[in-house]
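Please examine the sequence and the structure displayed below. The report that follows describes how the parts of the chain are arranged.

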Amino acid sequence: MRRMSFALTADAVKERRKTVTRRIGWKNLRAGERLLAVSKTMGLRRGEKADVYGVIEVVSVRRESLDAIDRAEVEREGFASRGPSWFIPMFCASHKGCISDTEVTRIEFRYVDEAVRA
């Protein structure tokens, strides 16, 4: 099963508050696919394992401009007390070459099960 990292929003995923994520890649992802939500996918040291938060199922996938995000979507991203003016610079700071109108992949998902152990 493919893994998707939620390093920046671990608490929101653990608490099942996050139901949308935006990614630079993931262009070939399709509704119905299941992914393993984990703490990280890269930079693991030899013998180190990622924390596994559970299985998610993709509900919808679409490409859109990052600056199309609104307050409700920022909340679905796991940031209830923030808005687009905070989210867009935060997102771009963690993605090299990103600017406010970068086309991103918006992925809506649902939680399939309780947290599983790796």
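## Helix α3 and its surroundings

The buried residues of α3 pack against β2, α2 (71-76) and β5 (103-111). Contact here means heavy atoms within 4.5 Å, and buried means under 20% relative accessible area, exposed over 50% and partly exposed in between, with a 1.4 Å probe and protein chains only. Helices (H or I, at least four residues) and strands (E, at least two) are DSSP runs, numbered from the N terminus.

This is a predicted model, in which local features need pLDDT of at least 70 and side-chain atom pairs count only at pLDDT 80 or more, while totals for chains, interfaces and linings use all residues. Residues are numbered from 1 along each chain as its sequence is written, and side-chain values use heavy atoms, with hydrogens and water left out.

In helix α3 (residues 84-93), the residues F87, I88, F91 and C92 are buried. These four lie on the same side of α3 because they cover an arc of only 120 degrees around the axis; the arc is that of the directions from the helix axis to the C-beta atoms. The face turned away from this buried side carries S85 and A93, which are exposed.

Ring pairs link F79, W86, F87 and F91 into a cluster, and the structure holds 5 aromatic pairs. Rings of Phe, Tyr and Trp (its six-membered ring) pair if their centres lie within 6.5 Å; planes under 30 degrees apart count as stacked, over 60 as edge-to-face and the rest as tilted.

## Strand pairing

Two strands pair if DSSP finds at least two bridges between them. The table lists the pairings.

| Strands | Sense | Bridges |
|---|---|---|
| β1 (residues 3-5) and β3 | parallel | 3 bridges |
| β3 and β4 (residues 52-65) | antiparallel | 5 bridges |
| β2 and β5 | antiparallel | 4 bridges |
| β4 and β5 | antiparallel | 9 bridges |

M4 has A37 in β3 as its bridge partner, and V38 stands opposite V52 in β4. Within β5, T105 stands opposite R23, whereas E103 stands opposite S65. Strand β3 (residues 34-38) is mostly covered, as 4 of its 5 residues are buried.

## The nonpolar cores

In soluble globular proteins, nonpolar side chains tend to be buried together. A nonpolar core is a set of buried Ala, Val, Leu, Ile, Met, Phe, Trp, Tyr and Cys residues joined through side-chain atoms within 4.5 Å. The largest such core has 13 residues, of which M4, F6, V13, L35, A37, Y53 and I56 touch the most other members. Two or more residues are given to this core by each of α1, β3, β4 and β5. Another core, of 10 residues, lies apart from it and includes I88, F91, C98 and V104.

Leaving aside residues up to four places away in sequence, I56 touches M4, F6, E33, R34, L35, A37, F109, R110, Y111 and V112.

## Two loop residues

Which phi value does R16 have? Phi of R16 is near 60 degrees, a positive value in a residue other than glycine. R16 lies in the loop between α1 (10-14) and β2 (20-23), and it counts as partly exposed because its relative accessibility is 24%. W26, which is not a glycine, likewise has a positive phi, of about 60 degrees; W26 is placed in the loop between β2 and β3.
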